[in-house]
Amino acid sequence: MENIIVGIDFSECAHNAMEHALATAHTLKANLTLLFILASNAKLLDEESNKIPKHSAMEVANEKLEKLKAECLSKYPDVNVQHKIRIATGRLSKEINEEAKEQGNALIFVGAHGLSGFDEFFLGSHSFKVVSFSDFPVFTIREANTINHNLENMLLLIDSNRETLQKVKLSAQLAKAFNSKVYVLGLQSSANASNRAVVKSFVSRAERYMLERNIRTETDFLEIKPKETETLFEYADSHNINLLVCVKEIELYANEVFVLTSFNERVVNQSHIPVLTIPVDNSIYAKG
């Protein structure tokens, strides 16, 4: 990955996302863009919580971005850091994807909560929009500054969906860069023998891919209900996981519209651990 883009709204959650993005940019030797998106109805808040009119927002945002850039460079002088203000012409949740398209070969980082005018871009009830609209991998990160920015332990979630193995390649690239250990976890939510056999087969293939690249790997299986996430998070905590890796599981509507499944939404919205959601290569679906 050559470019890393982090959504900035000057909240604590956005700052935490920036910290993760910066550490990742340093490790991957990637460029880092601090991106503020100015919505048509945006209002910024200064340190004294006084509202700043929109006509002053560009100037204030630029000053704040300059300070954040200086902070980044003080920690990692080797990272090429730029900041950018993008004027929203459509949904805020789509704007960062447009920026990623322009830069290409990108990873996107977003925080958990945003300020007025930018909150649609962040998590909470709108989390699925950020990931659903992205053609690029998205890291979603809550306000938890104690989380290790280095990806020492990654949890690769494997289920019976045919998209599930699409997350393996990028996971391996990150694991090699961070010298991570990868836990390949088969999620079993069906008593159907054929379904469980598929999960086992996919786990075996993912494990083999990692081992062939000399990545430290451990495999396991977890019984989990379709809409349950608590068991998953308990497993992650017990193994000191720094990153959950999902693929953007989808449902197809009229052969065109792609949306996150309810389980994916729950993982992204509820996880206190950073989540990486990888987009699906929809060429695997038959045309017409």
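Reader: So two strands pair if DSSP finds at least two bridges between them. With that in mind, what is the order of the strands in the open sheet?

Author: The 10 strands of that open sheet run β5-β2-β1-β6-β7-β14-β11-β8-β9-β10, with mixed pairing. The numbering starts at the N terminus and follows DSSP runs, where a strand is E over at least two residues and a helix is H or I over at least four.

Reader: Good. Before we go on, what kind of model is this?

Author: A predicted one: local features need pLDDT of at least 70 and side-chain atom pairs count only at pLDDT 80 or more, while totals for chains, interfaces and linings use all residues. Residues are numbered from 1 along each chain as its sequence is written, and side-chain values use heavy atoms, with hydrogens and water left out.

Reader: Thanks! Which strands sit at the edges of the sheet?

Author: Those are β5 (81-87) and β10 (217-223), and each of them pairs on one side only. On average, neighbouring strands of the sheet are turned by 25 degrees against each other, direction ignored.

Reader: Let's look at β1 and β2. Do they run parallel or antiparallel?

Author: Parallel: β1 (residues 3-7) is joined to β2 (residues 31-38) by 5 bridges. Asparagine 3 stands opposite asparagine 31 in β2, and valine 6 is opposite leucine 34.

Reader: And what packs on the sheet around there?

Author: Helix α1 does, touching β1, β2 and β6 (106-110); touching, or contact, means heavy atoms within 4.5 Å. The direction of α1 makes about 175 degrees with that of β1. Helix α3 (residues 92-103) also packs on the sheet and touches β1, β2, β5 and β6. Its direction makes about 130 degrees with that of β5. Axes here are lines fitted to C-alpha atoms, for helices over the stretch in contact, and angles run from 0 to 180 degrees between N-to-C directions.

Reader: New topic: at what angle do α1 and α5 pack?

Author: Helix α1 (residues 12-28) and helix α5 (residues 168-178) pack at about 80 degrees, with their axes 9 Å apart. They are therefore roughly perpendicular, the word used for 65 to 115 degrees.

Reader: Which residues make that contact?

Author: Ala23, Thr24, Thr27 and Leu28 come from α1, and Leu174, Ala177 and Phe178 from α5.

Reader: Last one: what does glutamate 2 touch?

Author: Leaving out residues up to four places away in sequence, glutamate 2 touches Ala30, Asn31 and Asn105. Glutamate 2 lies in the segment before β1.

Definitions and conventions. Parallel < 35°, antiparallel > 145°, perpendicular 65-115°, else oblique.
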